[in-house]
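Thank you all for coming. I would like to walk you through one structure this morning, starting from its overall make-up and ending at the ligand.

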Amino acid sequence: MALPNHPHQAAGAAALSAPSAAPAVALCGLDITFHLEGGSRYQAVTGIDLSVAAGEFVSVVGPTGCGKSTLLNAAAGLLTPSAGTVTIFGQPLSGLNRRAGYLFQADALMPWKTSLDNVKVALEPMGVADAEADRRAREWLARVGLRAFVDRYPHMLSGGQRKRVALAQVLIRDPEILLMDEPFGPLDAQTRQIMGNLLLDLWSRDKKALIFVTHDLEEAIALSDRVVVMSAGPAAGIVADYRVPLPRPRDIAEIRLEKAFHEIHRDIWASLRVEVQKAYAMGDGRELVEGATP
Ligand SMILES: Nc1ncnc2c1ncn2[C@@H]1O[C@H](COP(=O)(O)OP(=O)(O)OP(=O)(O)O)[C@@H](O)[C@H]1O
Ligand SMILES: [Mg+2]
């Protein structure tokens, strides 16, 4: 069903139509090399070409350490690639990507602020008046199901509730692009499904371009328009790019029961498994560092 494509080119049952507008995010020929202490270098990713259209939901999967967060950091403008370009709605990115909201892999809530203040703080750089910021933050907390938790501090919230606050904190700024790094990683399976459906509900209202990093292939398929598979590092690249032609709206628990879902899963897992096995075969990673002293 889902066909392995030429790297960087999505195909499958529903072929990509030629987009008329500039992509929301275009990573072209991206190389990212880190300079380590002692003068050695580590080439994390190379030759990355990834284009995400406005309103498109793209998941990125790949073995741990392959460079998924690194790619999001490049799209967010938090790191400058060693080679290649990052283009946002047709404009070369320089500095921070102010059109993107970033939900980090780590919990980024401020422990000394309530849910309300953690969400309000996102509007500070925009100079929104306090009363208006208060109103909008309450509205967003209600949308993510936390109306009754506005005055709680992060330590008084469950993991899933903290992720909802973080989601409200990102969405309140109404970014045109969302970058999400394993946002549901530490949550249990049931909470992940609830969060996944909540995300789909929010995304479907005013479709943002979304790059979603996850380790959970089922989650990636259930949520996305496309699933991109990265190879094991070092010098990781994109090895496959699959279209997910499942109808929307989707319920992410129910869609997993569909035959078409299993066929897509089988195809993508065939690509991903090879890379995961390579990553494990690398063992302790000693051979991964270029130029390190033996
Ligand atoms: N600032 C840095 N300096 C040196 N190496 C780095 C730096 N940031 C990341 N790396 C290395 O680059 C590689 C890619 O890291 P990255 O965090 O992007 O992986 P990932 O795919 O997000 O992994 P995970 O799935 O575990 O979150 C890893 O080998 C990591 O050790
Ligand atoms: Mg990561």
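What follows is a short tour of this model.

Before anything else, please keep in mind that this is a predicted model, in which local features need pLDDT of at least 70 and side-chain atom pairs count only at pLDDT 80 or more, while totals for chains, interfaces and linings use all residues. Residues are numbered from 1 along each chain as its sequence is written, and chains are lettered from A and ligands numbered from 1 in the order in which they are written.

The protein contains 7 helices and 10 strands, these being DSSP runs numbered from the N terminus, with helices of type H or I and at least four residues, and strands of type E and at least two. If we take contacts between residues at least 6 apart in sequence, 73% of them join residues at least 24 apart, a contact being two C-beta atoms, placed from the backbone, within 7 Å.

Let me turn to strand 3, residues 57-61, where 5 of the 5 residues are buried. In a regular strand the side chains alternate between the two faces of the sheet. Here both faces are covered, with Phe57, Ser59 and Val61 buried on one side and Val58 and Val60 buried on the other. Strand 3 runs parallel to strand 8, residues 209-213, and is joined to it by 4 bridges, pairing being assigned when DSSP finds at least two bridges between two strands; valine 58 has isoleucine 211 as its bridge partner there. Strand 9, residues 226-230, is likewise parallel to strand 3 and joined to it by 4 bridges, with valine 228 as the partner of valine 60.

Between strand 3 and helix 1 there is a loop that holds glycine 67, which is buried, with 27 other C-beta atoms within 10 Å. Leaving aside neighbours within four places in sequence, glycine 67 is in contact with Ala44, Val45, Met230, Gly233 and Ala236.

Finally, which residues are closest to ligand 1? Of the 14 residues that surround ligand 1, the closest are Phe34, Thr64, Lys68, Ser69 and Thr70, where a residue counts as near if its C-beta atom, placed from the backbone, lies within 6 Å. Strand 2 (41-52) and helix 1 (68-76) each supply at least two residues of this shell, and helix 1 gives the most, with 3 residues.

Conventions:
A residue is buried if 20 or more other C-beta atoms lie within 10 Å of its own, exposed if 12 or fewer, and partly exposed in between; C-beta atoms are placed from the backbone.
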